[in-house]
2 protein chains.
Amino acid sequence: MSTRIEKISLAEKFRLFSAHWEPKIVAELNDFYVKLVRFEGDFVWHSHESEDELFFVFEGEMLMKLREREIAVGPGEMIVIPRGVEHKPVAPREVLAMLFEKKTTVNTGDADSDLKLTELEWI
Amino acid sequence: MSTRIEKISLAEKFRLFSAHWEPKIVAELNDFYVKLVRFEGDFVWHSHESEDELFFVFEGEMLMKLREREIAVGPGEMIVIPRGVEHKPVAPREVLAMLFEKKTTVNTGDADSDLKLTELEWI
């Protein structure tokens, strides 16, 4: 990261990567990271024991599956998943999203999954 | 606020208020709030001693004045002001922005100003 204060363009940052399900850090605020992620297809069911999580959709339409229902979230819309709530993000077509998460948040939460990432890249 | 998990549409929420410089809370994540704010004109110079602050522009163009320079931030762009850095948001025309701030953050920071808000409304 740079210590110089600069604006961050979501569109420009999204052009820097193409991999799915690999969030990139673009900013930090106190104990939170702002991340950008591209994804398509199904993630795994999981929950985060003590961290709330925000998904803001920049492009595409995400389906946030909860155990009882699912919620479609499109561009300019966001959804907060409170700690402890099982959820599964699904994208029939590619979605570009911004995440607000505590620095301690692991992408797969309590799930045992190959999708788990232990180190995130700054872009 | 509702405890039911629902998506949040920025456009819909912005239609619920018109006042300037009065951020409304739309979500909370752990020790952070997500707020929406409309503003036009000049805010006051201020800094936050221990809180970083994120401005994401939804509509319009903001000028973020720093002591040495100013940075134009437009739709789909954001800027993080680290704790301790003096700043002054300015909007020649109305700007609609999303803020990501610690719950303890006071809008006017260390400044003595009539613009200070002690209580924020949820929408």
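1. Two strands count as paired if DSSP finds at least two bridges between them. That rule matters across the chain boundary of this predicted model. Strand 7 of chain A and strand 1 of chain B, residues 8-9, pair over two bridges. The sense is antiparallel. Within strand 1 of chain B, B:Ile8 is the residue that stands opposite A:Met78.

2. On confidence: chain A has a mean pLDDT of 95. In that chain, 98% of the residues reach 70 or more. The scores for the model are ipTM 0.93 and pTM 0.94.

3. On symmetry: chain A superposes on chain B by a rotation of 180°, with 0.0 Å of shift along the axis. The RMSD is 0.0 Å. This is how a two-fold axis relates two copies. Of the interface residues of chain A, 100% are interface residues in chain B as well, so the copies meet through the same surface.

4. On the make-up of the contact: chain A gives 26 residues and chain B gives 26 residues. In chain A, the elements that supply two or more residues to the side touching chain B include helix 1 (10-14), strand 2 (24-29), strand 3 (32-42) and strand 8 (88-102). Strand 7 (77-81) is also among them. The largest share of that side, five residues, comes from strand 7 of chain A. By class, the side of chain A that touches chain B holds 18 nonpolar, three polar and five charged residues.

5. Which residues does A:Phe100 touch, leaving aside those up to four places away in sequence? In chain A, the contacts are A:Phe32, A:Val34 and A:Leu54. In chain B, they are B:Leu29 and B:Phe100. A:Phe100 itself lies in strand 8 of chain A. It has 25 other C-beta atoms within 10 Å. The cut-off for a buried residue is 20 or more, so A:Phe100 is buried. A:Glu59 is 41 residues from A:Phe100 in sequence, and the C-alpha to C-alpha separation is 16 Å.

6. One pairing inside chain A deserves a look. Strand 5 (residues 62-65) and strand 6 of chain A run antiparallel and pair over four bridges. A hairpin of four residues joins strand 5 to strand 6 in chain A. A:Lys65 has A:Glu70, in strand 6 of chain A, as its bridge partner. Strand 6 (70-73) of chain A is also one of the elements that give two or more residues to the side touching chain B.

Conventions:
Residues are numbered from 1 along each chain as its sequence is written. Chains are lettered from A and ligands numbered from 1 in the order in which they are written. This is a predicted model: local features need pLDDT of at least 70, side-chain atom pairs count only at pLDDT 80 or more; totals for chains, interfaces and linings use all residues. Copies are superposed by least squares on the C-alpha atoms of residues with pLDDT of at least 70 in both. Two residues are in contact if their C-beta atoms, placed from the backbone, lie within 7 Å. Ala, Val, Leu, Ile, Met, Phe, Trp, Tyr, Cys and Pro count as nonpolar, Asp, Glu, Lys and Arg as charged, and the others, Gly among them, as polar. pLDDT is the predictor's confidence in each residue, from 0 to 100. A residue is buried if 20 or more other C-beta atoms lie within 10 Å of its own, exposed if 12 or fewer, and partly exposed in between; C-beta atoms are placed from the backbone.
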